[in-house]
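Dear colleague,

Please find the structure below, handed over for your study.

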Amino acid sequence: MFADARSKRIVLVAHCILNQNAISDGTADFPGTDEALVRHLLESGVGLVQLPCPELNGLGLDRGDPEGANRPVIVENTRIRSALGQAAPARILADLVEQVVFQVEQYRRHGFQVLGVVGINRSPSCGVETTSDRDEEVAGRGVFLEALATELTRRGIDLPMIGVKASQPAASLARLEALLR
Ligand code: SF4
């Protein structure tokens, strides 16, 4: 089964690596995609699973506040983190986690290699090494990837996660290369 052209190697990438239009107002770094990272992923022959954008799904494109871009990023990120913890967005995030975990399990069940997750450092939702909280960039994961990691662990799945950051292109590429090895 599945003995066709596919590589059977999968990487899960944060939604905005492929679509900067989803990112919060004032924080896009590229017109469309993070081209350097995407080029590297394409050349590696992996299949790309675009994770849902938890903030777009949970709070809307304006994250529930059209004035958000007027705040310092880290302050706005802290507000977003708190907003995602409200009952309705939290339910949406839990559903998104279920959908992602289902896909991961399907690929693994059929012998595909799920190499890992590429998140976005500093994000209150998708950070891996760093996130935003208390109006600071702090060590730790964003709420979406933390919930995803918790659910994967609960099901006995160990999936590497790396974070990238547009302001650190060389370090981001190095982390991605290590994940793909
Ligand atoms: S980091 Fe996560 S929440 Fe923020 S725009 Fe990207 S996918 Fe959406």
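In which sense do strand β1 and β2 pair, and over how many bridges? Strand β1 (residues 9-13) and β2 are paired in the parallel sense, and four bridges join them. Two strands count as paired if DSSP finds at least two bridges between them. Strands (E, at least two residues) and helices (H or I, at least four residues) are DSSP runs, numbered from the N terminus.

Before going further, please note how the model is to be read. It is a predicted model, in which local features need pLDDT of at least 70 and side-chain atom pairs count only at pLDDT 80 or more, while totals for chains, interfaces and linings use all residues. Residues are numbered from 1 along each chain as its sequence is written.

The sheet

Four strands make up an open sheet in the order β2-β1-β3-β6, with parallel pairing. At its edges are β2 (47-50) and β6 (161-164), each of which pairs on one side only. From one strand to the next, the twist averages 25°; here axes are lines fitted to C-alpha atoms (for helices, over the stretch in contact), and angles run from 0 to 180 degrees between N-to-C directions. Helix α7 (residues 169-180) packs on the sheet and touches β3 (113-120) and β6. The direction of α7 makes about 160° with that of β6.

Individual bridges can be followed across the sheet. Ile 10 has Gly 47 in β2 as its bridge partner. β1 and β3 pair in the parallel sense over five bridges, and Val 13 is partnered by Val 118 in β3. β3 and β6 run parallel and are joined by four bridges; the partner of Val 117 in β6 is Met 161.

The core

β3 is mostly covered, as six of its eight residues are buried. A residue is buried if 20 or more other C-beta atoms lie within 10 Å of its own, exposed if 12 or fewer, and partly exposed in between, with C-beta atoms placed from the backbone. The largest nonpolar core has 34 residues, and those with the most contacts inside it include Val 13, Ala 14 and Val 118. Such a core is a set of buried Ala, Val, Leu, Ile, Met, Phe, Trp, Tyr and Cys residues joined through C-beta atoms within 7 Å. The greatest contribution to this core, six residues, comes from α6. Leaving aside neighbours within four places in sequence, Ala 14 is in contact (C-beta atoms, placed from the backbone, within 7 Å) with Leu 51, Val 118, Gly 119, Ile 120 and Cys 126.

The ligand

Around the ligand there are 13 residues, of which His 15, Cys 16, Cys 53, Ser 123 and Cys 126 come nearest. A residue is near a molecule if its C-beta atom, placed from the backbone, lies within 6 Å of it. α1 (15-18) and α3 (54-59) each supply at least two residues of this shell, and the largest share, three residues, comes from α3. Nine residues of the shell are nonpolar, three polar and one charged. For this division, Ala, Val, Leu, Ile, Met, Phe, Trp, Tyr, Cys and Pro count as nonpolar, Asp, Glu, Lys and Arg as charged, and the others, Gly among them, as polar.

Two backbone angles

Most residues other than glycine have a negative phi. Phe 2, in the segment before β1, has a positive phi near 60°. Phe 2 is exposed because 8 other C-beta atoms lie within 10 Å. Lys 8 also lies in the segment before β1 and has a positive phi of about 60°. Lys 8 has 15 C-beta neighbours inside 10 Å and therefore counts as partly exposed.

Yours sincerely

Key. Two residues are in contact if their C-beta atoms, placed from the backbone, lie within 7 Å.
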